[in-house]
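Please look over the sequence and the model below before reading on. The report that follows takes up a few loops and helices in turn.

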Amino acid sequence: MDRARVWQDLLDHTAPTFTRPAFRLFARIASGWILCPARRTIIGIIPTADPQRTCAHDAFHRFFRDAVWRSWQLWRQIALQIVGLCPESVPLALLVDDTIVHKTGPEVEDAGVFRDPIRSTSRNIVYAFGLNVVLLCVRLRLPVIPQPLALAVDLRIYRKGGPSHVALAADMVRQLAGWLPLHRFLLIGDGAYASLAKQDLPRTHVVSRLRRDAALFDLPPPRQPGQPGRPRKKGARLPSLARIAAQATPTKWTPVHVRLRNRMVPRQLFTRTVLWYQVTGPLPIRLVTVRDPSGHEHDDYFFTTDINARPADVAADYGDRWAIEVTFRDAKQLLGVHQPQSWRRGGPERTVMVGFWLHSAVWLWFLHTWDHNRAWPDRPWYTRKCSPSFADALTELRAVLWHERLSPASAASPDIAKLIRSLVASLARAG
């Protein structure tokens, strides 16, 4: 298999999104971003994107700031390829969350000051300047990679005074549902996105977390014949979540093993159908209380709009939400999505979008080209590592692209060929 050709084919699929000149720039930027050994500023990407200097450096800035292309077309192209890796018999699992992409400079378009959830604590709130990004990912579970993967398929920028995070997330789900009219969806988000349950999303069930002070109600009682007045919308007010769990008899708790972060852990589950009227409206939800039998962890409270869902699946699905946090970390630390310094018009949003698109593209290339039967390298410092990470996928792609660029020189002599192999191995791990 020509692995460099697979990468080029992946880029060629995006050609209808651009004009011909813009596509040539995009293909160079994509490979140059991957190969860049330093900060991924636009100026930093140019030496690896266009080593022969065939384009003016201003063209790379204009590509992000002013070029005519639509980001949704780029997302649609890669979303269809990612979905091709998922089984059609089960709902497509989606993950949604937001993060701050840090920026510098007082005049960055659409940037603002937001609470930084990573560095903030209950006692000390830290604010950061940057773009507030809402990301929608497809969760992949593959036999060859034990940990779940979160591959981005759409992105929105939250702007103060504009649509809320929930509204942006709902818009992305509706757009994806339009691209995939034959699929059903399972949308997983933290408690900030719980109100997506009442957004009437097409063919979509929601899994999220309940507030510990949530006001829950019983289902409305059946209407009696001849009863006057309008039908009741909710039943009696229920006690707090902690009281509901404390009142549950031992026979109502089910001992199971739940997959959490790629480990099977013992848990006890209690489930009940309730109404969370303030957040999800009249839609019945299935409350799932998850208890650590050892008592080391506090009870967790999740819900799903699929009242027929298995409680163990609800707990495991919410546990997979951590995969989108891994995506945020990898895209920031390994791809530098916050580093391109484009300030005006569509530039800031497009640079961030291309960075997250490349994260999905690298994983997609790796999954198509990786030899699943190949033994994982024996590394004494990672004695328990048995599957690849995004850093490994990125290193593999860098090695392939550098080898393609440098291979013509390697035919001169065996010594030069050996030197080229060592150089490629070093370059692949740089950056």
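## A glycine in a loop

Gly162 has a relative accessible area of 37% and is therefore partly exposed, a class that lies between buried, under 20% relative accessible area, and exposed, over 50%, as found with a 1.4 Å probe on protein chains only. Gly162 belongs to the loop between β4 and α6, where helices (H or I, at least four residues) and strands (E, at least two) are DSSP runs numbered from the N terminus. From Gly162 to Thr289 there are 127 residues in sequence and 35 Å in space, C-alpha to C-alpha.

This is a predicted model, in which local features need pLDDT of at least 70 and side-chain atom pairs count only at pLDDT 80 or more, while totals for chains, interfaces and linings use all residues. Residues are numbered from 1 along each chain as its sequence is written, and side-chain values use heavy atoms, with hydrogens and water left out.

## Helix α6 and its cover

Helix α6 covers residues 165–179, and its end C-alpha atoms are 21 Å apart, which agrees with the 21 Å that its 15 residues should span at 1.5 Å a residue; the expected span is 1.5 Å times one less than the number of residues.

Among the buried residues of α6 are Val166, Leu168, Ala169, Met172, Val173, Leu176 and Trp179. An α-helix has 3.6 residues a turn, so residues three or four places apart point the same way. The cover over the buried residues of α6 includes α5 (71–83) as well as the strands β1 (92–102), β3 (127–142), β4 (145–158), β5 (185–189) and β6 (204–209).

## Two helix pairs

Two packed helices are described by the angle between their axes and the distance between the axes. Helix α1 (residues 3–12) and helix α2 (residues 20–35) have axes that come within 10 Å and cross at roughly 135 degrees, the axes being lines fitted to C-alpha atoms over the stretch in contact, with angles from 0 to 180 degrees between N-to-C directions. That angle makes α1 oblique to α2, since under 35 degrees counts as roughly parallel, over 145 as roughly antiparallel, 65 to 115 as roughly perpendicular and the rest as oblique. On the side of α1 the contact (heavy atoms within 4.5 Å) is made by Trp7, Leu11 and Asp12, and on the side of α2 by Phe23, Phe26, Ala27, Ala30, Ser31 and Ile34.

In the second pair, the axes of α3 (residues 42–49) and α4 (residues 57–65) come within 10 Å and cross at roughly 120 degrees, so α3 and α4 are oblique to each other. Ile42, Ile43, Ile46 and Ala49 of α3 make this contact with His57, Phe60, His61 and Phe64 of α4.

## Two buried loop residues

Asp292 sits in the loop between β9 (285–291) and β10 (300–304), and its relative accessibility of 11% means that Asp292 counts as buried. The side chains of Asp292 and Ser294 are joined by a polar contact of 2.8 Å, that is, a pair of N or O atoms within 3.5 Å, of which, within protein, one must be able to donate a hydrogen and the other to accept it, and residues adjacent in sequence count only if both atoms are side-chain atoms. A polar atom of the Asp292 side chain also lies 3.4 Å from the backbone nitrogen of Glu297.

Thr305, in the loop between β10 and α9, is buried, with a relative accessible area of 9%. A polar atom of the Thr305 side chain lies 2.9 Å from the backbone nitrogen of Val206.
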